[in-house]
Amino acid sequence: MNNKVINKLSIENRFIVNAEQVRRIACGQLGWVVEYDDAGVRWLNKYINTLRGIASEESKEKLTDSLGAFLGECICRTFNGQWVEYPKGEWMVRVDPGVSVYPFRKARKQLAGEETNSVADLFDAIPAMRTKLTASQNADDETRGKARSQPWWKFW
């Protein structure tokens with residue numbers, strides 16, 4: 001796809017183009033067929049760790065867009081998330097109203113070796129984040145229900 005066509009795409013579609021580029025590289029250059037799923041994230045995790053040791057700083061900066069887009073698409077398709085622009089211009093994937101993750105930030109940090117947890121750790125943590133949110137919402141609903149069933153003037 002040429003740059004003129006890419007520039008006319010929505011930002012979300014540009015993410016898909018970047019993610020597809022990662023899939024093409026995986027298949028064409030490395031012999032791996034990767035999908036937007038758990039196995040794809042496992043492959044991405046290993047790929048980033050390999051790149052960390054051999055890519056230049058300039059290459060790492062450029063790779064972040066594609067690697068983060070691939071991670072984001074895996075999250076969108078696995079957990080029914082959607083791309084949302086954070087007010088500061090950073091993009092995140094929202095998987096529930098109270099659960100959002102930042103795939104570009106995570107890919108960049110892992111590629112730079114800045115932290116010990118990885119893109120796979122983030123992906124694995126999403127179900128727990130959703131469960132915690134649901135439990136919290138249920139507790140809030142119970143508290144609100146009790147508060148409503150008691151007259152406003154009754155303190156005990």
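Predicted model: local features only at pLDDT ≥ 70, side-chain atom pairs only at ≥ 80, totals over all residues.
Trainee: In what order do the elements of the protein run from the N terminus on?

Mentor: Helices (H or I, at least four residues) and strands (E, at least two) are DSSP runs, numbered from the N terminus. The protein has six helices and three strands. From the N terminus on, the order is α-α-α-α-β-β-β-α-α.

Trainee: Which strands are the edge strands of the sheet?

Mentor: The open sheet has three strands in the order β1-β2-β3, with antiparallel pairing. Its twist averages 40° from one strand to the next. An edge strand here pairs on one side only, and this applies to β1 (82–85) and β3 (99–101).

Trainee: Which residue of β2 is the bridge partner of Gln-82?

Mentor: β1 and β2 (residues 91–96) run antiparallel and are joined by four bridges. Along this pairing, Glu-85 stands opposite Trp-91 and Val-84 is bridged to Met-92. For Gln-82, the bridge partner in β2 is Arg-94.

Trainee: Which residue in the turn between β1 and β2 has a positive phi?

Mentor: Two hairpins connect the strands, and the one from β2 to β3 passes through two residues. The hairpin of β1 and β2 has five residues between its strands, and the turn residue with a positive phi of about 90° is Gly-89.

Trainee: At about what angle does α4 run to β1?

Mentor: α4 comprises residues 57–79. This helix lies across β1, β2 and β3. Angles run from 0 to 180 degrees between N-to-C directions, with axes fitted to C-alpha atoms, for helices over the stretch in contact. For α4 and β1 the angle is about 125°.

Trainee: Are α3 and α4 roughly parallel or roughly antiparallel?

Mentor: α3 (residues 38–54) and α4 pack with their axes 10 Å apart, at an angle of about 165°. Angles under 35 degrees count as roughly parallel, over 145 as roughly antiparallel, 65 to 115 as roughly perpendicular and the rest as oblique. The angle therefore makes α3 and α4 roughly antiparallel.

Trainee: How many nonpolar residues has the contact of α3 with α4?

Mentor: Contact means heavy atoms within 4.5 Å; α3 contributes residues including Leu-44, Tyr-47 and Ile-48, and α4 residues including Leu-63, Phe-70 and Cys-74. Ala, Val, Leu, Ile, Met, Phe, Trp, Tyr, Cys and Pro count as nonpolar, Asp, Glu, Lys and Arg as charged, and the others, Gly among them, as polar. Alongside one polar and two charged residues, the number of nonpolar residues is 10.

Trainee: What is the orientation of α4 and α5 to each other?

Mentor: The axes of α4 and α5 (residues 103–112) are 8 Å apart, and the helices pack at an angle of about 130°. Residues in the contact include Gly-68 and Gly-72 of α4 and Pro-103 and Phe-104 of α5. By class, the contact holds eight nonpolar, three polar and four charged residues. Given their angle, α4 and α5 are therefore oblique.

Trainee: Is Gly-72 buried or exposed?

Mentor: Gly-72 lies in α4 and, leaving aside neighbours within four places in sequence, is in contact with Trp-83, Val-93 and Pro-103. A residue is buried under 20% relative accessible area, exposed over 50% and partly exposed in between (1.4 Å probe, protein chains only). Because its relative accessible area is 0%, Gly-72 is buried.

Note on methods:
Residues numbered from 1 in each chain as written. Heavy atoms only, no water. Pairing = 2+ DSSP bridges.
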